[in-house]
Amino acid sequence: EITERDWSSDVCSSDLNDILVQGARPLFFMDYVGTGRLNPEVVSDLIRGCAEGCADHGLALLGGETAEMPGLYADGDFDLVGFIVGSVPREQLLDGSRVRPGQRLLGLASDGLHTNGYSLARKVVFERLGFGVHDKPAALGGETTVAEALLAPHRCYLEPLMPLLQKGQIAAMAHITGGGLLDNLPRVLGEHDAWIDRSSWPVPPLFQWLCEGAAIEVSEAYRVFNMGIGMVLLVDPAQEASIEAELLAAGERVYRLGEVRSGTGVVRWLE
């Protein structure tokens, strides 16, 4: 069963990853819950999920706001927003200035949609394909429900990556959310291109199923979904193997995606 607590914990994980790519260690988190009619049980579960997500990763939930606004939200709907603050020494800030041609791209696997691409996913699964939340599609192995596949928790990369950041072994990072690989990696590339081999990692069945159901172009799929990659690291070639080994030992699924070359700040596919 997927609960409000699971969703709110996801908000915390996503925000953690967003500041992690700048090299920041999280300090505290705040929440906002808006609803048309206050349901104490639902709101309690949402706040509890935020608190548990914070506790899991060593930051404080300082507080937040709850707003009841009849007429603005439909009955049973709610709006959950998270706000996170972290810190990083200025000399350790990851701002793209350390990116160089020849650096390698290491991809860390995602666990699912990762709070992105749900508008298309809902349309494909429920409207076009006609599945319900409790159905177990053969395309997903016949054992996983639609709800479990679509709402798989957003993976937090703080614990495996912070030791590498503290040792200065990561030149830049990109959290792959809205816009996929095509729109997120250019944020750190500057005047360089990321050349990626799309055969270097297995695309999970969920994304294959959604893409086939939506009948969308391959290039668009990599802009809408993360396609199985939740975080990309840019590292020096001499450290690629040791970083990969450390992440594998920490339980991450790691893939050598490609390399950085001189260019114009875009993602290009290695054919």
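Ser-110 is buried, because its relative accessible area is 4% and buried means under 20% relative accessible area, exposed over 50% and partly exposed in between, with a 1.4 Å probe and protein chains only. The residue sits in the loop between E4 and helix H3 (118–128), where helices (H or I, at least four residues) and strands (E, at least two) are DSSP runs numbered from the N terminus. Leaving aside residues up to four places away in sequence, Ser-110 touches Tyr-157, Phe-207, Asn-226, Gly-228, Ile-229, Gly-230 and Arg-253, contact being heavy atoms within 4.5 Å.

The model is a predicted one, in which local features need pLDDT of at least 70 and side-chain atom pairs count only at pLDDT 80 or more, while totals for chains, interfaces and linings use all residues. Residues are numbered from 1 along each chain as its sequence is written, and side-chain values use heavy atoms, with hydrogens and water left out.

Strand E4 (residues 104–109) is joined by five bridges to strand E8 (residues 254–262), and the two run antiparallel; within this pairing, Arg-104 stands opposite Glu-259 in E8. Both strands belong to an open sheet of six strands with mixed pairing, in the order E5-E7-E4-E8-E6-E9, where two strands pair if DSSP finds at least two bridges between them. Strand E5 (172–175) and strand E9 (267–269) stand at the edges, each with a single partner strand, so one side of each has no neighbour in the sheet. From one strand to the next, the twist averages 30 degrees.

Turning to the helices, Glu-148 has its place in helix H4 (residues 146–150) and counts as partly exposed because its relative accessibility is 42%.

Helix H5 (residues 158–166) packs with helix H10 (residues 237–249) at an angle of about 150 degrees, their axes 10 Å apart; axes are lines fitted to C-alpha atoms, for helices over the stretch in contact, and angles run from 0 to 180 degrees between N-to-C directions. H5 and H10 are therefore roughly antiparallel to each other, given that angles over 145 degrees count as roughly antiparallel, under 35 as roughly parallel, 65 to 115 as roughly perpendicular and the rest as oblique. In this packing, Pro-160, Leu-161, Pro-163 and Leu-164 in H5 meet Ile-243, Glu-246 and Leu-247 in H10. By class, the contact of H5 with H10 has six nonpolar, no polar and one charged residues, with Ala, Val, Leu, Ile, Met, Phe, Trp, Tyr, Cys and Pro counted as nonpolar, Asp, Glu, Lys and Arg as charged, and the others, Gly among them, as polar.
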